[in-house]
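Subject: Structure handover

Hello,

Here is the structure you will be taking over. Please open it first, then read the notes below.

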Amino acid sequence: MTTDIRTPLARYADRLHAVIGDGHHVASPLGAWLLLALAAPAATGPTRTALEEVLGTDVEAAATAADALLAAPHPLVPSATAFWHRPGVGTHGLDGWRAALPASTATGALPDQAGLDAWAREHTLGLVEGFPLKVSPRVLLVLASALATRVSWAAPFEVAPGGALGPGSAWAGGLHRVLRSPEYGHRCWIADTARAGTVAVHAAPAQSAGADGGGAGLLVVSVVAAPDGPAGDVLAAAQELTTAVADTPEHELPAQRRSLFDVPLGEGPLWTLREEPTHTYAPDGREERVTAVLPCWSARSRHELTAPGLGFPAVAGMFGELLDSPGLEFEAAQAATASYGRYGFEAAAVTGFASAVSLPPEGVARVAELRFGHPYAVVAVATDGRGDGGAAGPWHGLPVFSAWVTDPQELSEADAAGRHGNG
């Protein structure tokens with residue numbers, strides 16, 4: 001039975017967005033949570049307890065959930081994880097943890113920066129152009145996750161004038177065109193929430209062109225509360241409502257929605273409501289129609305994930321124990337991007353964690369440059385490993401050519417320019 005991590009993940013999202021603050025941003029709490037869940041099984045003692053508190057569930061349940069997600073990737077949300085390390089870095093404990101990672105997690109030698117950037121692009125449909133961390137020679141290991149989506153709305157938005165956002169909107173005067181939900185295909189409603197009070201909600205279903213989703217889809221839910229509502233409370237309400245609508249059959253609204261006949265008529269900061277005569281088959285003769293008006297938007301963000309409440313200091317402690325190097329330095333960050341428009345939605349995030357050794361104490365280095373500026377010898381020696389059991393073969397160690405150089409030549413123009421051949 002698959003572990004339901006929606007509640008733990010909502011709690012982690014609350015932590016993450018609280019650290020990020022209320023500026024314009026996009027993030028992937030799931031991307032960060034996945035890394036914690038992959039790392040956690042190796043943790044012991046207080047480090048394990050700290051990770052379980054941040055994960056919102058026990059280590060085994062988190063690891064099982066992560067494994068299930070990665071073993072059966074969502075057809076509309078490509079995902080990837082990886083663990084890389086410097087050659088020669090390892091202990092029995094680290095090797096055992098690495099062997100227990102999900103089968104889909106890539107492992108191997110730590111790539112250079114260009115390789116990490118290429119991995120980020122490959123696993124985010126090209127939306128994230130570079131890895132969120134810069135890898136110096138001090139970095140011993142890197143743990144990474146990537147999530148991405150690029151989908152089309154099942155029913156595209158219509159176009160409305162910017163003034164449709166309402167006379168109280170600070171955006172209305174600066175936008176010429178915004179989005180209006182179509183008559184059919186999107187869900188819009190008013191709901192009461194514990195954290196953000198009464199809110200307006202819009203949910204757009206998305207599909208991926210040419211993909212066989214096998215019943216899988218993507219819902220993008222927008223939630224707006226009173227203008228003075230704290231961002232954290234509105235984000236928490238959105239998490240709650242997203243779960244509710246995901247569990248509600250298509251074309252139906254969640255049970256906790258408010259009837260429009262229980263809402264005062266008139267103009268407000270979240271909606272305008274009027275009443276008009278109509279012909280309807282509704283049993284009580286009362287019909288409800290709701291549309292929504294939203295702006296297009298896009299965001300590109302980078303988030304530091306080193307705050308204690310986000311769990312990565314504990315991951316650093318765990319790796320320090322595995323490598324017998326307590327007090328390892330670490331970095332953790334996420335790069336995320338998203339775009340919401342008339343015809344579709346795209347988003348991606350790459351989360352990275354890196355452990356590094358501290359700089360050694362200051363000292364003195366001597367650096368030599370050897371100069372072959374007068375006659376010198378050159379010997380070409382053969383190597384041969386073709387003997388029985390890998391032993392040296394008959395040619396091994398034989399000087400094949402030797403020379404004494406007294407007449408150097410100028411480097412050719414072709415070679416200087418990189419045009420060379422074997423002729």
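A residue counts as buried under 20% relative accessible area, as exposed over 50%, and as partly exposed in between. Val400 comes to 38%, so Val400 is partly exposed. Keep in mind throughout that this is a predicted model.

**Surface patch**

Val400 belongs to strand E16, residues 399–405. Together with Leu398 and Phe401, Val400 makes a nonpolar surface patch of about 290 Å².

**Nonpolar cores**

In soluble globular proteins, nonpolar side chains tend to be buried together. Here the largest nonpolar core holds 45 residues. Which of its members touch the most others? They are Tyr12, Trp33, Trp97, Phe312, Val315, Phe319 and Phe353.

H2 gives the most, with eight residues.

Strands of a sheet pair through backbone hydrogen bonds, either parallel or antiparallel. In this model, three strands form an open sheet in the order E4-E5-E11, with antiparallel pairing. Which strands are at the edges? Strand E4 (158–161) and strand E11 (293–294) are, and each pairs on one side only.

Strand E5 covers residues 177–180. E5 and E11 pair over two bridges. Arg180 stands opposite Val293 in E11.

**Salt bridges**

How many salt bridges are there? The count comes to 17.

- Arg258 and Asp192: their side chains meet at 3.6 Å, N to O. This pair links distant parts of the chain, 66 residues apart. Arg258 sits in the loop between helix H7 (231–246) and strand E9 (266–267). Asp192 sits in strand E6, residues 187–193. Arg258 is at 23% relative accessibility, so it counts as partly exposed. Asp192 is at 40% and is also partly exposed.
- Arg302 and Glu304: the side chains of this pair meet at 2.5 Å, N to O. Arg302 is partly exposed, at 44% relative accessibility. Glu304 is partly exposed as well, with a relative accessible area of 44%.
- Glu369 and Arg371: this salt bridge is at 3.6 Å, N to O. Are these two residues buried or exposed? Glu369 is exposed, because its relative accessible area is 63%. Arg371 is exposed too, at 69%.

One network also turns up: salt bridges that share partners join Arg274, Glu276, Glu287 and Arg289.

**Where to start**

Next, go to the E4-E5-E11 sheet and find Arg180 opposite Val293. Then follow the salt bridge from Arg258 to Asp192. Finish at the patch of Leu398, Val400 and Phe401.

Best wishes

Terms used: Residues numbered from 1 in each chain as written. Predicted model: local features only at pLDDT ≥ 70, side-chain atom pairs only at ≥ 80, totals over all residues. Heavy atoms only, no water. Core = buried A, V, L, I, M, F, W, Y, C linked by side-chain atoms within 4.5 Å. Buried < 20%, exposed > 50% of the residue type's maximum accessible area, 1.4 Å probe, protein only. Helix = DSSP H or I, 4+ residues; strand = E, 2+ residues; numbered from the N terminus. Pairing = 2+ DSSP bridges. Patch = residues over 30% accessible without salt bridge, like charges linked within 9 Å, V, L, I, M, F, W, Y side chains within 5 Å. Areas by Shrake-Rupley, 256 points an atom, 1.4 Å probe, with all protein chains shown as cover. Salt bridge = Lys/Arg side-chain N within 4 Å of Asp/Glu carboxyl O.
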